[in-house]
Amino acid sequence: MLTHPQIKYQRFTIEPFPTRTWCNNQLTTAPRWCSSDLRDGNQALINPMDTDKKLYLFNHLVAIGFKEIEVAFPSASETDFNFVRQLIDDKLIPNDVWIQVITQSRPELIAKTFDALQGASKAIVHLYNATAPVFREVVFNQDKASTIELAVNGAKLVKQHCEQNPNTQWQFEYSPETFCFTEREFALEICETVKDVWQPTADRPMIINLPATVEMNTPNVYADQIEWFMQNFSDLSHITISIHPHNDRGTGVACAELAMLAGATRVEGCLFGNGERTGNADIITIAMNMFALGVDPKLDFSNMPEIIEMYERVTRMHVYERQPYAGKLVFAAFSGSHQDAIAKGMKWREENDEPHWTVPYLLIDPQDVGRQYDADVIRINSQSGKGGVAYVMEQKYGLNMPKKMREDFGYC
């Protein structure tokens, strides 16, 4: 471990933003959710999903309530191309669901993307190109002018293909890659230029996606960047501001929440935070955090065990035991003081017919995500106390022990 990390790692310049308002806001409504499990999540797997697994996951995402699903990078592989064709040809997409596909800003890739989308009822075409200095200078050896030209040429081609296929309802999405460490004035300039090409209307709206593809700063900085962008954009009519946070610093969920406070109304992410490197923002945690605040997230995670089983089957990964809201142990209390407080909270709710959730140590009612009290909440081990033991004996065996007996019994 370096004793002087500042020699190797530099702080990123934080632009002043005294007019921020996001820190005074509250989350009161669900965003537009877009699952990128089938694209971003799939490309991050050691063993990518085959067509059967992708279809199985797609159907589960629809059942959960996703209305926008990024299904593929059709110009990148035949598997992805064929999967999009199967969804369309076999009429497997519900009428109220938009499929989304991603493409780089290259003519041949855009053409193949539209070949994959022929006959779709609703489709979002997601165009991106690298805009951050490290990509412009190190990876592509491009200046700002050529970076803008690449984005404009791609947007023109997407618009042309959309106009040639009027029977499909189109949305256009543009991502400056990666927004969070692109100069804010340049990010604004390139998005304004692409917007002028697309000319969004009510019938042909636009999504501007502002990704934190690599987390470079604390979540408050990302929120400042989002709000500054929205304050300075010329015209947001018929434009949705979307976010796509990754989790390199372990704060992808916080970045998403603060960005929504800053005005973003669309969130791209994956179940359980699957994605490249340390993952994408975890949509389940973001949605359930809203649920725990009394906000309907418009997604259904009431059968979390089934979702876990499905996820582990298609990804061949494991949901960690302490994963928020989902892990096998997230509602479990082994400590005697915790068990005592939970048992008293349960009893108090029952005796007082309390409508609000008021149980100590439990953020939400485990039953709301398909978990059971007797199996998941109070667990007995060598650190358990008399309260926990008494609760288990009463719930499982109907034995309500006298208080003086509970301590002696707990040591047995």
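**Burial and overall figures**

I looked up burial first: of the 412 residues of the protein, 53% count as buried (under 20% relative accessible area; exposed is over 50%, partly exposed in between, with a 1.4 Å probe and protein chains only). The model is predicted, so I note that local features need pLDDT of at least 70 and side-chain atom pairs count only at pLDDT 80 or more, while totals for chains, interfaces and linings use all residues. Residues are numbered from 1 along each chain as its sequence is written, and side-chain values use heavy atoms, with hydrogens and water left out.

I find 15 helices and eight strands, taken as DSSP runs numbered from the N terminus (helices are H or I of at least four residues, strands E of at least two). The C-alpha trace spans about 80 × 55 × 40 Å along its principal axes. The protein exposes about 20,000 Å², and carbon and sulfur atoms supply 50% of that (Shrake-Rupley method, 1.4 Å probe; for residues, only the protein chains shown count as cover).

I then checked contacts, meaning heavy atoms within 4.5 Å. Among those between residues at least 6 apart in sequence, 72% join residues at least 24 apart.

For charges, I have 38 positive and 53 negative, and their mean positions are 3 Å apart. Lys and Arg count as positive and Asp and Glu as negative, with His and the chain ends not counted; each charge is placed at NZ of Lys, CZ of Arg, CG of Asp or CD of Glu.

**Helix 2**

Helix 2 covers residues 51–64, which is 14 residues. From first C-alpha to last, helix 2 reaches 20 Å, close to the 20 Å expected at 1.5 Å a residue (the expected span is 1.5 Å times one less than the number of residues).

I looked at both ends. Asp50 caps the N-terminal end, with a side-chain oxygen 3.3 Å from the backbone nitrogen of Asp52. After the helix comes Gly65, with a positive phi near 125°.

The buried residues of helix 2 are Lys53, Lys54, Leu55, Leu57, Phe58, His60, Leu61 and Ile64. Their packing partners include strand 1 (32–35), helix 1 (37–43), strand 2 (68–72) and helix 11 (304–315).

Gly252, Cys255, Glu257 and Met260 are among the buried ones. Their cover includes helix 8 (219–232), strand 7, strand 8 (266–269) and helix 10. Gly263 follows helix 9 and has a positive phi, near 125°.

His246 sits in the loop between strand 7 (239–245) and helix 9 (252–261). I read a relative accessible area of 2% for His246, so it counts as buried. The side chain of His246 makes a polar contact with the side chain of Asn280 at 3.0 Å. A polar contact is a pair of N or O atoms within 3.5 Å; within protein, one must be able to donate a hydrogen and the other to accept it, and residues adjacent in sequence count only if both atoms are side-chain atoms. Leaving aside neighbours within four places in sequence, His246 is in contact with residues including Asp40, Glu215, Gly252, Glu276 and Arg277.

**Loop residues**

Leu45 lies in the loop between helix 1 and helix 2, and is buried at 7% relative accessible area. Not counting residues up to four places away in sequence, Leu45 touches Asn274, Val314, Thr315 and Met317. Leu45 and Met317 are 272 residues apart in sequence, yet 8.7 Å apart in space, C-alpha to C-alpha.

Lys298, in the loop between helix 10 (283–292) and helix 11, counts as exposed at 56% relative accessibility. Beyond neighbours within four places in sequence, Lys298 is in contact with Ala30 and Gly65.

**Backbone exceptions**

Most residues other than glycine have a negative phi, and most peptide bonds are trans. I therefore list what departs from this.

- The peptide bond from Glu177 to Thr178 is cis, with omega near -5°; Thr178 is in the loop between strand 5 (169–177) and helix 7 (184–198).
- His238 has a positive phi near 65°; it is in the loop between helix 8 and strand 7 and is partly exposed at 41%.
- Tyr361 has a positive phi of about 75°; it is in the loop between helix 12 and helix 13 (373–376) and is exposed at 52%.
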